[in-house]
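Me: Could you take a close look at one part of this structure for me, the strands and how they pair? I would also enjoy hearing what lies around them.

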Amino acid sequence: MALMSTVKLEEVAAEVAQQKAMERGPLFLPHGCRLFQVTSGWEANMIRHDKGVVSCETLLELEAGLQDPGAKVLFIPLNAIIVDKDVEKLCQRNGVAKTLFKEVKGTT
Amino acid sequence: MKNNKTSPLKTPLKDLTPEDLKSLEKPLGTSDRPYPMWGSQRVEHNGRADLEQVLSVIADDTYPMKVFSDRPYKEVVAMAYADMPVPSMLPLFFDGLERRKPTSTNRTQMMIGDPGAGKSFLGALQGRLRSKEPIEVLDCGGKNMRELLFEMVLDFGAGDALPKAIDKRLQAGSLESLSASLLRGLPSEVLSLDEDGQVKSIDWNGLKSAGSDKVEAAFEVLKKVSKIEGLDNAGGNALGMNSQYGPLIRKFMAGEEIVLDEYNKSREGTDDNLQTVWQFCIGELKECTVENPLKNKDASAGPSEFTFRREDMKPGFFVTLTGNKKEDGITTRSLNKSVYSRLSPQTLPDPDIIDWQHRICQMMVGLPVSTLYTAFKEQADKDPEAFGDWLLNLRKTKAEIEGGRVPELQETLLKNWKNVVNSSEKLAKFYDKWQQMTDAEKITSNGHADLVEEVDDEYSKKEGIDFRKIKQHLEEAIPIRPRMQKEDAPRIVNFGSWEKAPKLSDPVEENPSLNFGTRLTEFLERMVYEKSGAVGKNKLYNKLNKSMQEFALRDITLQEAARSKQRSVEEDLNISSFNDRDLSKQAIMARKVFCDFLRQTNPEITASDDEIVTPKKFLDALTHVSQKDTAATNELFVTNRDPEQVFAGRPIAGAVIKDTAVYALQNKDLDFTLKDLVHHDDFIASLALPTVGAKNLSAVWEQNIRPLTKGAANDSAAPAAAPAASGSILDHDEALFIAEGKSDKKIATTSVQVLYSDDEGDRPVTVHIVRNEARNKTLVVSEKAPSKLLAAFKEAGVTHVDRHDANAEAKVEAALTELTRGMQASIKDRLVDAFKYRNDVDVEHLKGKTPTLPQLLTDDKVDMMYAKFVVKKAANGM
């Protein structure tokens, strides 16, 4: 029972973290992809570790994530070697609509 | 095993059974799932039939449109409605679906249009409707089109070991400086540099097939880097070059779609040997063979030729070509006649207002609410709730497909879909006009010839309005950012202790939809100025300003008479979550405010919300409040913090305003004491609760001055009105209407007294209320409010000011300026007159002065005369 509650708690926390990130508004990317910024800290951690979220640190990983039908949410951590221009380019050439979160420093 | 089965989309048509094909079929546009469609129709006007472009629907059970898709029906229909192309592009969407039928021999669609019109989006959308796999969108700009068939690529070996190793070192900053310097020599389009000009990332997949010349140069660079980094000997770090099938052949073989974007920006003369391939793709040829010119070049391996055969065709194969209109720039070339003849490009019409509105809605809420409303207007008007639920379900399904959740702002807007339709129409008209005013090519013929000196081709290219601008504007408007105060708002700087970090008040989180309209329209005003007035285009600035007024972007631009007839974009898009039509949702919000407030004011209570009061009990309480008609009887509802009653399921208690003037007139003793008064915190908390606050703000206004004053004419013992309001009180006395909450300006003010307890003991204190009913904004000036109420006050449109706050007067002035914005200056004098009906300003320190309303509202020496007390009703008197 205790394990169930923890799992549920993490799901709820991940949802709250996503909603908070979404409140700051998206960067509209090609083909309906949306990029949300998420502050480093608990919000970023909850999203990164949420079920079904794929973390991408390089462009090769990001493109693999975009091309994987099973990966719907992509997370770009702070230490990734990916800039917004790269994200836009990769979304443009992989016509697919996914949700992306990008970890940023401090408050947004 | 089922997952391993090859999709029918990727299986040659000859090998498919009728059942396989049936499994792909997803009808769109049936009798109970009509799909909007745009086209020419004869429309009768006074017996004459004119040909017009109209929005109607396809709703045919026998011959519906069909999407041949691997996706479940639910996903197809949600995507088709949510990501629907703008109305003027719907006929192209229809053609695209027809050409994607398995039996279709034409597997191409070419669209020519303005940049940002959504051509590649439409191509990829049709592919996405069919498959969960991404649709390759190939940017043909500057590329050699022969490489669509065969291309020279870098071969990094299994698992891309070399790129991964270089990425790892780039990330760790451990790359040799010589390597870093060499990598900067890779094609610029595959590099991203950091602020110091160092390579931040490399687009390896882009580099792999960057074109023969670039691949050869990159091969040399990477060979050197590989050696410097000591990666040349590591296992798996093989580096080579090979010729392979190009994307067009690969897609044909796989049975997949491809979008060839900006086809007419490709390198001139490079598509000559594609002509027979296009003949095959459009169904003119049953077979065509192409040879690999790269075979054996530099000893590279690879196929020598490929034969496209009709019998190998798979249902999933399709090619969308997009092109920009010739006039879009010098890099766009005119295609040769044979290409036009074979691919029959379809030219996109210029966007109409209905298209602007459609795209604005999609950006704002993720659905083309306006087009869906126009298509299903009668039914939506008849059952707005069901229409709203349908929209929300479509949006949620789209969010599931895309892996995210529906943002709170979008959910709130969708629940208020009528506001979205109204505001998007005005925005669409404004953008349409803005686009016309900045279109240099048509400016002499579209009614804006007076702007010809200010709007030239260069300006048009740079600042002309297209769908991408809407995207940028919304991106800026959605996040909550610091906001510049009104120019006439009072401001105070603390000249002392300037070197110390400022003391910030408690953060009050704002619901993103609460001021979304204000953020959007203020941003548009800023853009209009920056793109016209600020760069010396004064005529354009003036015309854009007029358009903003014409289409009622801002609340303040509406004249008073117009205000009653129409709502501004700002007003429509400033949506409080308290406005949710669903009372059970209001109850959830109210319960949260109440429980937080209860725990803050009584720290001994640590119980959870559910333990304090169940949602059902709170809903019952709100239902009771909403059903009562209390405006005429001065009955109120306040929070009930008596633990016994709360735990018994009574979080709201009844109260009533008792007017001492009435007691005086009737020569009666007061039948209540100080302990019977409602506590200050309970009264102001009620204003922070949805439903309850609204009900109270309709029931606090003056009821007695008019009848009492009439009676006074015959009764010398009757209380006199305050000096400023003395004299005959006529029906046209604006101040009295304001006190009664009946002014046609929709502004009102009143004062009541409640109980307050602190170190000085129990005493009555005054709560002043000023309200603008038209804008649903209220100013409340009283004692300090519990901080847990502050966020809810914002949601309820209430500005609460603690009269003892050091900046109270400035805060009140700012709030009053906002409440009376757009009204005549004299309205503030009338508010002062109304205030004086119940408040005695004849106090020593004000003698000989003319205090302003902010000074009076924050002056704790100004007491009420013939106070109106808020008195508790009996426990069961709710």
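**Strands, hairpins and cores**

Reply: Let's begin with one residue pair: A:Val53 stands opposite A:Val73, which belongs to E4(A). Please keep in mind that this is a predicted model. The two strands behind that pair are E3(A) and strand E4 of chain A, residues 73–76; they run parallel and are joined by three bridges.

Stepping back, both strands sit in an open sheet of chain A with five strands, ordered E1-E2-E6-E4-E3, and its pairing is mixed. Strand E1 (27–28) and strand E3 (53–55) of chain A are at the edges; each has a single partner strand, so one side of each has no neighbour in the sheet.

For antiparallel pairing, turn to chain B. There, strand E18 (residues 747–758) and strand E19 (residues 761–772) pair in the antiparallel sense over twelve bridges. A hairpin of two residues links E18(B) to E19(B), and B:Asp758 has B:Gly761 in E19(B) as its bridge partner.

On we go along the chain. E19(B) also runs antiparallel to strand E20 of chain B, residues 777–782, with five bridges joining them. One residue pair to look for here is B:His768, which stands opposite B:Val781 in E20(B). E19(B) and E20(B) form a hairpin as well, with four residues between them. In that turn, B:Asn776 has a positive phi of about 50 degrees.

Finally, a look at the packing. The largest nonpolar core has 161 residues, and A:Ile47, B:Ala80 and B:Val369 are those with the most contacts inside it. Helix H17 of chain B (residues 417–437) gives the most to this core, contributing nine residues. Leaving aside residues up to four places away in sequence, B:Ala80 touches B:Leu28, B:Tyr35, B:Val67 and B:Leu129. Apart from this core lies another, of 82 residues, including B:Leu636, B:Ala688, B:Val801 and B:Leu816.

Notes. Residues numbered from 1 in each chain as written. Chains lettered and ligands numbered in written order. Predicted model: local features only at pLDDT ≥ 70, side-chain atom pairs only at ≥ 80, totals over all residues. Core = buried A, V, L, I, M, F, W, Y, C linked by C-beta atoms within 7 Å. Buried ≥ 20, exposed ≤ 12 C-beta atoms within 10 Å, placed from the backbone. Contact = placed C-beta atoms within 7 Å. Pairing = 2+ DSSP bridges.
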